[in-house]
Amino acid sequence: MCEKFMIVNRLNFSIGTIRRVVSKTIVSCPQHNIVEATERVRAIALALTSNQSYEGNVTAALAELVNDCREVDSALCHVMAVIWSRLGETRSNLWKRPLLALHLLKNLLLHGPITAVMEANDGIDKIRSLRKYMNSKNADSIREVCTAANHVYGLLIDRTCLFLRRKRVACGRANPTASSVSKNLRWSDYLVQSLPVTVNFRHIHLLLRPSEAYALPAKSKVSNGSSSIT
């Protein structure tokens with residue numbers, strides 16, 4: 001591409017000209033923006049799972065990262081690579097890295113794309129091994145890592161529970177003001193209870209169209225040779 005541009009514009013093939021044309025071509029290339037966005041996502045994932053405190057709003061950065069991971073072909077792959085790398089760092093002074101990586105993975109499972117579930121299932125053996133994490137001299141850190149690993153592992157092996165929680169979270173995002181109507185009854189809980197994962201279609205039809213519900217025909221009993229309707 002650069003060679004064709006220089007030939008068409010009759011530019012001299014000097015080192016300075018070649019560098020200038022290549023630099024302008026890279027900056028104007030659409031793939032360059034994708035690479036920059038991917039590197040930014042990877043940097044945020046590394047910062048959120050580092051031993052050092054994150055400089056900024058952790059909640060906002062985590063929400064932005066999960067939203068960026070909906071680009072499953074680029075951003076999600078790099079974030080999952082960071083997570084697997086952090087889970088493999090089991091030195092005693094780096095116990096925060098697997099712990100924060102497990103929390104990031106849990107948020108991806110509950111709030112991220114459905115592809116994150118399959119990506120996490122590929123490394124379930126690493127999560128299973130962290131359930132017996134003993135590479136720290138601090139009992140509290142060992143307990144935190146084991147608890148987080150048990151939680152994520154439980155979500156992965158119990159798909160029904162995982163998808164019910166994903167559905168509740170999705171309903172909360174779709175109608176965020178519904179919780180202000182009643183503190184005891186939430187719209188998302190109503191849908192989860194009324195429409196479980198395994199439900200007969202007839203029940204869904206009656207729930208959506210209650211006016212079409214019909215009463216069963218009365219049974220007839222025959223007594224003393226005459227029929228009576230009860």
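H6 passes H7 in a left-handed crossing, meaning that the near helix is turned anticlockwise from the far one by less than a right angle. This is a predicted model, where local features need pLDDT of at least 70 and side-chain atom pairs count only at pLDDT 80 or more, while totals for chains, interfaces and linings use all residues. Residues are numbered from 1 along each chain as its sequence is written, and side-chain values use heavy atoms, with hydrogens and water left out.

Helices here are DSSP runs (H or I, at least four residues), numbered from the N terminus. The axes, lines fitted to C-alpha atoms over the stretch in contact, with angles from 0 to 180 degrees between N-to-C directions, come within 8 Å for H6 and H7 (residues 115–122) and cross at roughly 140°. That makes H6 oblique to H7, oblique being what is left after under 35 degrees (roughly parallel), over 145 (roughly antiparallel) and 65 to 115 (roughly perpendicular). Leu105, Leu108 and Leu109 of H6 meet Ala116, Val117 and Ala120 of H7, where contact means heavy atoms within 4.5 Å.

Now the other partner. How do H6 (residues 96–111) and H9 (residues 139–157) cross? Their axes come within 9 Å, at roughly 25°. That makes H6 roughly parallel to H9. The crossing of H6 past H9 is left-handed. Among the residues in this contact are Leu99, Leu105 and Leu109 of H6, and Val145, Ala148 and Leu155 of H9.

Note on methods:
Helix = DSSP H or I, 4+ residues; strand = E, 2+ residues; numbered from the N terminus.
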